[in-house]
Amino acid sequence: PCSFAAGPAMLPREVLAQIREDLPDWHGSGFSLLEQSFTGTAFKQLMADTEQDLRALLAIPHNYRVLFMQGGASAQFGLLPLNLLEPGQSADYLESGLWAHKAIGEARRHAPVNVVASGAAGGFTALPPVAGWRCNPYAGYCHITSNETGNGLQMPGFPELPVPLVADTTSDFLTRPIAVERFGLIYASAQKNLGVAGLCLVIVREDLLRPPRRGLPSAFSYQVQAMQQSRFNTPPTFALYVAGLMLRWIIRQGGLTLMAARAREKSRRLYECLDSHDFYRCPQVAADRSTINVCFQLENPGLLDDFFHQAARNGLHDLQGHSAVGGVRASLYNAVEMAAVERLVHFMNDFAHHHG
Ligand code: PLP
């Protein structure tokens, strides 16, 4: 069977096998992996190795800090303005889809927000072109969402701006190379391409760290966590351990260039199938279509339940679209194999043939 869930996502079978092996007795310690002290030498080493592998994979420059945080990307929506802005300072946001919309709503609770452009009027089927963004040169930062998980849109590139660029990369993190030095801060929840829920990664340029302002809990201060190697409080130890396994798996597979080539090939097969049938409708403009979350509708929505039911009988699971969008969504994270995509395409051709 294959899970096309938007997250938590499938894990590679090798990673699952390693977890099973390590669970009862971690590194001959006599204790389960779940019982390791986060201040013990072995676990500190695990954190250091995990950071090192991430730095190597993404070529993270020395003047950036890697933070292992909790609360998911959703917590970061509120933590960004609290950590990065002076009181009263505003931030720019691109409203590219449902996740950017949520990030804006949370940020507005803490700071003035200027929406530089929005794709809402077009139903989030295209990304607003950079030339039309109305940026504020005095903004504390400009926030973008590299991949809109619910709308199936992905930024093919990133703009040069006079203010630090901040990116929610939750759903395409480690699925393609990204030039970290172009950003002030990058963040991503782990449960899609970096393992399991509970861990959120923050990669932040050092000069943006500042003492926690009033009202910001120390555990959520980037500066406090940076000064204490993400051990101000107990980090999510299991999720960190799985992140370490995922990073090594990606490195063994051939790194981010290979992950990107696979994502392009998997998504190309699906879009090609969608565009060849009137039975399916994929409204996103071709240039902005996501290589990770392929979202589409059936021309006859009355057939959706049957589509999901029959897909599951064929071992193709969790294809429901985002609740606010409906329709179908196939998430093609790193652990989803090309063979599963071929099976999905075969099923979709068959289904269209029988019901079209
Ligand atoms: N941002 C994007 C792009 C997402 O896809 C998600 C979750 O799917 C989130 C943020 C929220 O992540 P979390 O549920 O870990 O808070």
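Two strands pair if DSSP finds at least two bridges between them, and helices (H or I, at least four residues) and strands (E, at least two) are themselves DSSP runs, numbered from the N terminus. By these terms, Asn 293 has Ser 331 as its bridge partner in S14. The structure is a predicted model, in which local features need pLDDT of at least 70 and side-chain atom pairs count only at pLDDT 80 or more, while totals for chains, interfaces and linings use all residues. Residues are numbered from 1 along each chain as its sequence is written.

**Domains and their interface**

- The protein chain is divided into domain 1 (2-8 + 254-355) and domain 2 (14-253), with bounds that come from an automatic or database domain assignment.
- The centres of the two domains, taken over C-alpha atoms, are 26 Å apart.
- Across the interface, 28 residues of domain 1 are in contact with 27 residues of domain 2, where contact requires that two C-beta atoms, placed from the backbone, lie within 7 Å.
- On the side of domain 1 that touches domain 2, the elements that give two or more residues are helix H7 (255-275) and strand S12 (293-298), and the largest share, seven residues, comes from H7.
- By class, this side of domain 1 has 16 nonpolar, ten polar and two charged residues, where Ala, Val, Leu, Ile, Met, Phe, Trp, Tyr, Cys and Pro count as nonpolar, Asp, Glu, Lys and Arg as charged, and the others, Gly among them, as polar.

- Five of the six residues of S12 are buried, so the strand is largely enclosed by the rest of the structure; a residue is buried if 20 or more other C-beta atoms lie within 10 Å of its own, exposed if 12 or fewer, and partly exposed in between, with C-beta atoms placed from the backbone.

**Annotated positions**

- The UniProt annotation "binding site" (unreviewed entry) covers Ala 73, Ser 74, Trp 99, Thr 149, Asp 168, Gln 191, Asn 233 and Thr 234. These residues span 162 residues in sequence, and the farthest two C-alpha atoms are 30.4 Å apart, so they do not all gather at one spot.
- UniProt annotations may be inferred rather than shown by experiment; their positions are given in the numbering used here, and feature names are shortened.
- Ala 73, found in helix H3 (residues 72-84), is buried, with 26 other C-beta atoms within 10 Å, and, not counting residues up to four places away in sequence, its contacts include Asp 168, Thr 170 and Tyr 187.
- Trp 99 lies in helix H4 (residues 98-107) and counts as buried, with 22 C-beta neighbours inside 10 Å; leaving aside neighbours within four places in sequence, Trp 99 is in contact with Thr 145, Glu 148, Thr 149, Gly 150 and Asp 168.
- UniProt places the feature "modified residue: N6-(pyridoxal phosphate)lysine" (unreviewed entry) at Lys 192, a residue in the loop between strand S9 (185-189) and strand S10 (200-205).
- Lys 192 counts as buried, with 30 C-beta neighbours inside 10 Å, and touches Gly 7, Ala 9, Thr 170, Ser 171 and Tyr 333, not counting residues up to four places away in sequence.
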